[in-house]
Amino acid sequence: MVHAQFDNTARQALAVKAVDAKIREDLTWQRIADAAGLSVAFVTAAVLGQHPLPRASAEAVAALLGLDADDAVLLQTIPTRGSVPGGAPTDPTIYRFYEMLQVYGTTLKALVHEQLGDGIVSAINFRLDVKKVADPDGGERAVITLDGKYLPTKPF
């Protein structure tokens, strides 16, 4: 049976426990995703409390992290989503994404609407990828791909 959380407290506590285990066991998010059989972005978000995992994936992640059966069940619940509480985020990495949306949010909106019409880009039917590439000017660059299904607004 599918269950949903109405308060994110339990999932937040589980996220802390899981990250502690990840550190203790010296695991990467990719290794955890491999155990789950799903993408690294989805599994990372799930372990951090933003998605439910399918039963087999939840059990594999729990076993890898040394979590108990109750934790495996909790990993399967539909969470109350939202990892950034109200106001501007204070973590520098998350803040930069907030800053990018502050600067380019209206540009993204204008381009989506011009090219696709009135609608939204779904974060439900969604793919995320992060890659490190060499910067031709020296150093490294982050290439972040946000790939969401376009859902047009339908008159009713």
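Contact here means that heavy atoms lie within 4.5 Å of each other. That cut-off applies at several stops on this tour of a predicted model.

**The whole chain**

Six helices and two strands make up its secondary structure, and along the sequence they run α-α-α-α-α-α-β-β. The C-alpha trace spans about 55 × 50 × 30 Å along its principal axes. The protein chain has 156 residues, of which 24% count as buried. Among contacts with a separation of 6 or more, 53% are between residues 24 or more positions apart.

**Helix H1**

Next, select residues 9–24, which form helix H1. With 16 residues at 1.5 Å a residue, H1 should span 22 Å, and the 23 Å between its end C-alpha atoms agrees with this.

Which residues of H1 are buried? Show the side chains of Arg-11, Leu-14, Ala-15, Ala-18, Ala-21 and Lys-22. Because these residues cover an arc of only 130 degrees around the axis, they sit on the same side of H1. Now turn to the other side of H1, where Val-16, Ile-23 and Arg-24 are exposed.

Then step just past the end of H1 to Asp-26, which takes a positive phi of about 55 degrees.

**Val-19**

Go back into helix H1 and pick Val-19. Is Val-19 buried, exposed or partly exposed? Its relative accessibility is 24%. Buried means under 20% and exposed means over 50%, so Val-19 counts as partly exposed.

Set aside the neighbours of Val-19 within four places in sequence, and its contacts are Trp-29 and Leu-48. For a distance across the model, draw a line from Val-19 to Ala-134: the two C-alpha atoms are 29 Å apart, and the residues are 115 apart in sequence.

**Helix H3**

Within H3, the buried residues are Ala-41, Val-43, Thr-44, Ala-46 and Val-47. Their packing partners are H1, H2, H4 and E1. Just after H3 comes Gly-49, with a positive phi of about 95 degrees.

**The nonpolar patch**

For the last stop, return to the surface view and colour Phe-97, Met-100, Leu-101, Val-103, Tyr-104, Leu-108, Phe-126, Leu-128, Val-130, Ile-144 and Leu-146. These residues form a nonpolar patch with about 1100 Å² of accessible area together.

Which elements each supply at least two residues of the patch? They are helix H6 (92–116), strand E1 (119–134) and strand E2 (140–152). H6 gives the largest share, with six residues.

Finish on Leu-108, a patch residue found in helix H6. Its relative accessibility is 47%, so Leu-108 counts as partly exposed.

Terms used: Residues numbered from 1 in each chain as written. Predicted model: local features only at pLDDT ≥ 70, side-chain atom pairs only at ≥ 80, totals over all residues. Heavy atoms only, no water. Patch = residues over 30% accessible without salt bridge, like charges linked within 9 Å, V, L, I, M, F, W, Y side chains within 5 Å. Areas by Shrake-Rupley, 256 points an atom, 1.4 Å probe, with all protein chains shown as cover. Salt bridge = Lys/Arg side-chain N within 4 Å of Asp/Glu carboxyl O. Helix = DSSP H or I, 4+ residues; strand = E, 2+ residues; numbered from the N terminus. Buried < 20%, exposed > 50% of the residue type's maximum accessible area, 1.4 Å probe, protein only. Expected span 1.5 Å × (residues − 1). Arc of directions from axis to C-beta.
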